[in-house]
Amino acid sequence: MVAQCKNVMESLKRVIESLGGTMGDVVQFNTFYAGELSYEEWQRTYDIRFSYFPAPGPTATGILIGEELNLPGIRVEVNAVAIVGSAATRVEAFDGGTHATLDVPVAGESPNA
């Protein structure tokens with residue numbers, strides 16, 4: 001479990017950095033665990049996961065699935081939402097091929113700035 005947690009966090013970090021972001025851009029983070037998980041094991045994986053994020057870290061949820069995840073032998077799976085670069089102030093939506101942009105104000109800025 002601990003080794004898989006380290007591997008998945010390194011993979012996530014590489015993906016986010018390949019997109020020009022950092023782990024500080026992660027705003028939501030969910031971890032799914034398969035099988036039994038002792039408190040000590042959970043604490044070790046928690047410490048590993050949150051060592052990758054600057055304080056205060058993203059919102060996070062840990063979910064114990066029970067039997068197994070998508071692939072046999074995989075005990076840890078994560079999903080993350082990150083807002084990278086200009087996406088932090090601009091949200092783009094695609095609807096049926098039509099492109100629309102919604103400007104989201106950031107504290108101290110006016111809308112559509």
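A residue is termed buried under 20% relative accessible area, exposed over 50%, and partly exposed in between, with a 1.4 Å probe and protein chains only.

## Basis of the model

This is a predicted model, in which local features need pLDDT of at least 70 and side-chain atom pairs count only at pLDDT 80 or more, while totals for chains, interfaces and linings use all residues. Residues are numbered from 1 along each chain as its sequence is written, and side-chain values use heavy atoms, with hydrogens and water left out.

## Strands β1 and β2

Helices (H or I, at least four residues) and strands (E, at least two) are DSSP runs, numbered from the N terminus. Strand β1 (residues 26-34) runs parallel to β2, and seven bridges join them; strands are taken to pair if DSSP finds at least two bridges between them. Tyrosine 33 has leucine 64 in β2 as its bridge partner. From β1 the chain passes through α2 to β2 in a right-handed β-α-β crossover, meaning that, with the strands pointing away from the viewer, the path from the first strand over the helix to the second runs clockwise.

Alanine 60 belongs to strand β2 and is partly exposed, at a relative accessible area of 43%. Apart from neighbours within four places in sequence, alanine 60 is in contact (heavy atoms within 4.5 Å) with Phe29 and Phe50.

## The cis peptide bond

Most peptide bonds are trans. The bond joining alanine 55 and proline 56, however, is cis, with omega about 5°. Proline 56 lies in the loop between α2 (39-51) and β2 (59-66).

## The salt bridge

The structure holds one salt bridge, defined as a side-chain nitrogen of Lys or Arg within 4 Å of a carboxyl oxygen of Asp or Glu. Glutamate 41 and arginine 75 form this pair, with their closest N and O atoms 3.9 Å apart. Because glutamate 41 lies in helix α2 and arginine 75 in the loop between β2 and β3, the pair ties together parts that are 34 residues apart in sequence.

Glutamate 41 is buried, with 16% relative accessibility, whereas arginine 75 is partly exposed at 26%. Not counting residues up to four places away in sequence, glutamate 41 touches Met1, Glu36 and Arg75.

## Valine 81

Valine 81 is located in strand β3 (residues 76-82) and is partly exposed, with a relative accessibility of 40%.
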